[in-house]
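Subject: Structure handover

Hello,

Here is the structure we talked about. Please open it first, then read the notes below it.

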Amino acid sequence: MKKLALAILIAVLIASLAAYFYYTSHRGYAEKIVVYAYNDRITGIDPSLEDDTGLVVLGSVYEPLLYYDPINNQTIPALAERWEARENNTVWIFYLRKGVVFHDGTPFNSSAVVVSVKRAKEVYEMYGIGLGYIWDAVEDVTPLDDYTVEFKLRYPQRLDLIAASSYAAYIFNPNALIKAGVQNYTDLKLRDWFNTGRDEGTGPYRIVSYDPYNEVVLVKFDKWWGWSIVNNDKAPDKVIIKIKTDPQEQYNGLVSGDIDIVTSIPRISIRDVISRGFKYVNLTTFHSYFLVFNTRRYPTNITEFRLAILYAIPWDRIVEDAMKGYALLGSGYLPHYFPGFQPGLTYQYNITKARELMEKSGVKPGVTIEFMYQTDYKEEEDFASILKSSLAQIGVNVKLVPATWDAMKDAGKAVWENPENTPHMLINDWWPTIISPYDYLYNLFHSDSKEWNWSGFANETFNNLVDNAFMLEGTDYGKAMELYRQAQEILFEQGVAANLWDEIKVFVYNPRINIPNNAVNPLYMYVIFFQYVQVTA
């Protein structure tokens, strides 16, 4: 009888435990779930080579050696606890954090840093894939022991800023090569393997489900080294990143309770949902939108014509009309609060001057030019309407060409080989990889940058200023900033492009959670550092 009672007791305990684990794995009981709506498909999640929207996933799954602190304009520890520069910033030593493991339990050590950095750099050099150019100064990277890494540079550089980059700086588990069945880290089959949803990071969350067109599911990694530091027992157990490209669908999901965090609801609806009790965080981002001219096609190859257009734009209207006030009017070619930002480098609406420049250009009134913008960005569509009506005042007809992002990118790149097939004007939006003016000025306007320089602008004086400035950042930062200023003035005087606005990203969220300010960072665009988020209900 006692044996029967004991057996029943054990059965009850087993059933109870099974029920507990079942219910704690479902929302509505103990599991803390946050649903985050993201407005674009995920372009990839290779920690070394991804250069676009995959950052929204990578930022929670992987970690760099350092992070950038925008408030204090300094780097702070991540996988490296401390670091030092020697020999005039040509040798850098990083002392790694001990006790860190990858998501499969493999210990993190210096060999992972070596493989991750070399892969990003060498794949970029071999194939032009990714953003591994950030490691250009690195001549060699060597493990001194399991937790010490030495970087030797070809020229002085602020390698701490490079190590905190938003792309090409994430550290992955070298065992990924074995799992992917490749012999060399430069084999592009490894990229394909990562992009099937594979996860080899050390971050606070790991991937359990990956559909780049619909949904990515992350779960809390209990062995993350940082939980004792952030001391947040209310962090989400599960994060569901839902791909919602329609702003109205994001709005509906937020109001219905199906979505907890949105970033792209219609801007005219933001004040409405806040008045209903939803909470928000305003993040002044490094995300800038540039009006870019095709300088290799008539008539936008004429400087005076480009300037005529720029002085015909009602600059005092565009932030309110296109962005509904959620932006800062651009100045120069770097965003507000970014190193090298130039206040006062702005065009002013002056229709008289615009007409004078139009006449000086020799372009006859009645000319038609094309303007391409992205179809699913409402702000670009609104700006297109402003541009079309404004340029009519100086006799310029604007043919609007809405396009998908992929079509825009193809058209922009074509300016170097077939400029007649590239529209006269396009919008190119940009956020940075590294905390340096070089990121914007090289990628968007240097003639060696055929991927992103959609203007076709080629100016050796400009190129030399930008290249020399980048080389100087490691020895004379002030002089480097002066050269970057001169480079920006060349673009401004020739009217190659204009920074329309720097976006203020509004994270609106359900009051059952709390998003503190340190959970978002302008360098790591769209990333929410969920380890700081608190689920309170």
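First, a definition. Work on a 1 Å grid over the protein atoms alone: a cavity is a set of points where a 1.4 Å probe fits but cannot get out, and lining residues have an atom within 4 Å of a point. A pocket is an open set with protein on both sides within 12 Å along at least five of seven lines. Grid points are joined across faces, edges and corners, and a volume is the space filled by probe spheres set on the points.

Some ground rules. This is a predicted model, in which local features need pLDDT of at least 70 and side-chain atom pairs count only at pLDDT 80 or more, while totals for chains, interfaces and linings use all residues. Residues are numbered from 1 along each chain as its sequence is written, and side-chain values use heavy atoms, with hydrogens and water left out.

**Cavities**

There are 3 cavities of 30 Å³ or more.

Helices (H or I, at least four residues) and strands (E, at least two) are DSSP runs, numbered from the N terminus. The lining of the second largest cavity counts 8 nonpolar, 5 polar and no charged residues.

The largest pocket contains about 800 Å³ of space. It is lined by 34 residues, and D51, D52, K409, E451 and W452 are the closest to its centre. Helix 6 (189–194), helix 14 (405–413) and helix 15 (437–445) each supply at least two lining residues. Helix 14 has the largest share, with 4 residues. The lining of the largest pocket splits into 8 nonpolar, 11 polar and 15 charged residues.

The second largest pocket has a volume of about 690 Å³. Of its 30 lining residues, Y68, P70, N518, V520 and N521 are the closest to the centre. Strand 2 (66–69), strand 3 (74–77), helix 7 (227–230) and strand 12 (279–293) each give at least two residues to the lining. Strand 12 gives the most, 5 residues. Here the classes come to 20 nonpolar, 7 polar and 3 charged.

**Salt bridges**

The structure has 26 salt bridges. The term means a side-chain nitrogen of Lys or Arg within 4 Å of a carboxyl oxygen of Asp or Glu.

One of them joins D136 and R154, at 2.9 Å from N to O. D136 sits in the loop between helix 3 (110–127) and strand 6 (138–145), and R154 in the loop between strand 7 (148–153) and helix 4 (159–163), so the pair ties together parts 18 residues apart in sequence.

R512 and D260 form another, with the closest N and O atoms 3.0 Å apart. R512 lies in the loop between strand 17 and strand 18 (513–514), and D260 in the loop between helix 8 (247–256) and strand 11 (261–262), so this pair links parts 252 residues apart in sequence. Are these two residues buried or exposed? Both R512 and D260 are buried. Buried means under 20% relative accessible area, exposed over 50%, and partly exposed in between (1.4 Å probe, protein chains only).

D321 also forms a salt bridge with R317, at 2.9 Å between the closest N and O atoms. Being 4 residues apart in helix 11 (residues 315–323), D321 and R317 are separated by about one helical turn. Salt bridges that share partners join R267, E379, E503 and K505 into one network.

An open sheet is formed by 4 strands in the order 4-5-7-6, with antiparallel pairing. Two strands pair if DSSP finds at least two bridges between them. Strand 4 (80–86) and strand 6 are the edge strands, each pairing on one side only. Strand 5 (residues 91–96) and strand 7 run antiparallel, joined by 5 bridges. W92 has F151, in strand 7, as its bridge partner.

Best wishes

Technical notes
Nonpolar A, V, L, I, M, F, W, Y, C, P; charged D, E, K, R; others polar.
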